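Subject: Structure for your study

Dear colleague,

Please find below the structure that I would like to hand over to you. My notes on it come after the display.

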Amino acid sequence: MSLSRRKFLGWLTAAGLSGSAFGKVAHAATTKHFEGHPDSLGVLYDNTKCIGCRTCEAACNKVNDLPPPDRPFDDLAVLDNKRRTDPKKYMVINKYDGSVNVETPLFARTGCNHCLEPACASSCFVRAYTKTESGAVTYDSSVCVGCRYCMLACPFNIPTFEYDIALTPRIRKCTMCYDTRLVKGELPGCVEACPTESFTFGKRTDLLNIARERMRRFPGRYLDHIYGENEMGGTSWLYLSGVPFKKIGMREDLGITPAPQFTSSALAAVPMVVGTWPLLLMGIYAVSKRKDKIAKEEKEQALAEVTAQVKAEADQKVSEAWEKAAQEKEKAIEAAVKQALEAAADVETEENS
Amino acid sequence: MSQEATTTEKTLISPFNIIAGIIVLIGLYLTVRRFTGGLGAVTNLSDNNAWGIWIGFDLLTGVALAAGGYVTAAAVYIFGMKKYHSALRPAVLTGFLGYALVVLALHYDVGRPWRLPYPFVVQAGTSSVLFEVGACVALYLTVLFLEFSPAALEWLGLKKARNLAVKFTLVLVVFGIILSTLHQSSLGALFLIAPSKVHPLWYSSFIPVYFFVSSIIAGLSMVIFESTLSYRFFADKMDEAHLREKDDIALGFGKAAAFVIAGYIAIQLLGIGADDEWRLLGTGYGLWYLVELFGFFGVACLGFAIGAREKKVQLIRWTSAWAVLAVIVNRFNVSLVAFNYHLPASDRYFPSWMEIGISVFLVTLGLITFRFIVSRMPILYEHPEYEDVH
């Protein structure tokens, strides 16, 4: 593709290649919509132009200094099997049956789409990924722990892992040639190598216009869908196709929600739990303590009441017993007196007789 | 002391020791292979299936089954159910060992284990659910260690340190419940970021709530299950209080578990309703979902409910094993069965024997440590010098 070095460098300056970390503020509860860094760059892939020659794969391998391929890049029989990215290849071209007949196959590029709000960057707990202001999503292996959560998170199944390296395995993925070429003012390897100009490099906003212009200029050639314009909140790589994207191995059911939004409300709950749980737990603790205390008091009170009652009853019994004893004593005295008097009377009668 | 010596001697060539010894040897061999040949040498993991059973079982299931610590601590200290006090130390010990093993297992699973502290000391990725999981697990492991420390200090005879440790109990319990709420739910929230990869019946925005509530089920069931096993193998270590209270604990925890499972089934169905996925229940995955929800959780709920009402302790003990299995099935379903459901069978994951071997090895290490501690420290009995000081 034609592009002057001066113009290209201008874009880079405009995009401010400072490589800032991707915004970390969760905005689940706002209507804010991130449309990418201003003037950020991207690539438009037009699969109606692709002839499946694998030149881009060879260039990618070369500029990224990747291990030699299992089979040479000019061996097109490789295309008979569906392939995905792996530590030896950051991008692959796959072959699909054409819509007209099998003699005119279709091709599709699989590789990092450089999301505007990347799932990998959002899911990484050491911030090994950076969505640079240029648009490229880069990876820093010097902090990577190798947890592979990014691979689980990526909706496009792109990041790959060096499973065969014992102690220093890295994630491998396309970086849009950010470090090796973009910063030097060069085009990404695949873009530069393509003999059919299937790839167009430029500002993402311009690429969207170019894509629409092609649709207008060649009616019936394209579907009215620019893949990547809205998928997962938008990606820096954009795709044009003449057949439904699901027929060339691209998922159409991903939705338009940026990945970070799926977890932002769960993460937003963290401070709420930290704030409210102590109140709730200490409240329950206080209630159960109080219940214990009241139960104890009631027990003591009941005990006191019972004790008092028993004591009163006992006192009464004692006093009754005393009274009875006193009465009996009195009766006994009376009886004794009476007996004595009677005895005295008897004696008197006896004496008189 | 002489009695202890004879027990150790007696059990040195027991069936348990022989089997455990073989497993440990195999585990050590696999450990060497893992750290010389890389993950590819021992696992069936691939670029499409980045997480296998070391995450699905060792991490997700391990953490859920170690929930007994916070559940029992909440019951005894926060809700004031003092009659379950004798369940506390075994539950805290099981929790502590469970979390320690989870952290050990992660050393096998991540690419560069010595970098595990990096998120906290080098560069923090706070937008990641995994950051929250990591922070909470690290803190909670510390909390469990401190909660467990009085038993070790009593064993070592460090009275002052022990009394100091006991003073922090309530703070630790509250902190532990907060941390458990956060990371138990976050383990489910890990999957929120990939709605296109998890089968819709298992994917829900409520998945953190499901994971939290089912961790309570796992905690309650594990306490019953663990006390059953302890009684079977360590009855001689139990004091009168533990023997007296063990049936009460089974009945009480079983009753609580019946209620929690009923609630769990209700919120699962609410989630299906909220996403209007009823029609998916008629598919193959739907059938398996129904088996999980009713065959595993539903049957466990019924078993606990009948056991609690009829006071059938034996039924509750069997049900607790079934409920533990239900939680394991759920974690496997979310992380392995429902995950990547859209990929062709050839791209799906099944663990290698070596992955299973490492998991079995780690569980065995846990059992050996548990036995070592229970045989020595005051876990299943009160230390004579500290009776009635709780």
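Predicted model: local features only at pLDDT ≥ 70, side-chain atom pairs only at ≥ 80, totals over all residues.

The contact between the chains

In this model, 44 residues of chain B are in contact with 51 residues of chain A. On the chain B side, the elements that give two or more residues include helix 2 (15–37), helix 8 (129–156) and helix 10 (169–189) of chain B. Helix 10 of chain B provides the largest share, six residues. Sorted by class, the side of chain B that touches chain A holds 25 nonpolar, 15 polar and four charged residues.

Helix 8 of chain B

Helix 8 of chain B has 28 residues, and at 1.5 Å a residue it should span 40 Å. The C-alpha atoms at its ends are 39 Å apart, which agrees with that expectation. Where does helix 8 of chain B bend? The bend, of about 40°, is at B:Ser149, and a proline, B:Pro150, follows within four residues. After helix 8 of chain B comes B:Gly157, which has a positive phi, near 75°.

A sheet in chain A

Chain A contains an open sheet of three strands in the order 8-1-9, with mixed pairing. Strand 8 (199–203) and strand 9 (237–240) of chain A stand at the edges; each has a single partner strand, so one side of each is left without a neighbour in the sheet. From one strand to the next, the twist averages 25°. Strand 1 (residues 41–46) of chain A pairs with strand 9 of chain A in the parallel sense, over four bridges. Within this pairing, A:Val43 has A:Trp237 in strand 9 of chain A as its bridge partner. Helix 6 (residues 204–217) of chain A lies across strand 1, strand 8 and strand 9 of chain A, and runs at about 135° to strand 8 of chain A.

Two residues with positive phi

A:Met176 is not a glycine, yet its phi is positive, about 60°. This residue, A:Met176, is found in the loop between strand 7 (171–172) and helix 5 (189–193) of chain A. Is A:Met176 buried or exposed? A:Met176 is buried, because 29 other C-beta atoms lie within 10 Å, and the cut-off for buried is 20 or more.

B:Asp276, also not a glycine, has a positive phi of about 50°. B:Asp276 is placed in the loop between helix 12 (240–274) and helix 13 (284–310) of chain B. B:Asp276 counts as exposed because it has 9 C-beta neighbours inside 10 Å, where the cut-off for exposed is 12 or fewer.

With kind regards

Terms used
Residues numbered from 1 in each chain as written. Chains lettered and ligands numbered in written order. Contact = placed C-beta atoms within 7 Å. Nonpolar A, V, L, I, M, F, W, Y, C, P; charged D, E, K, R; others polar. Expected span 1.5 Å × (residues − 1). Bend = angle between axes of the 7 residues up to and from the residue. Pairing = 2+ DSSP bridges. Axes fitted to C-alpha atoms, helices over the stretch in contact; angles between N-to-C directions.
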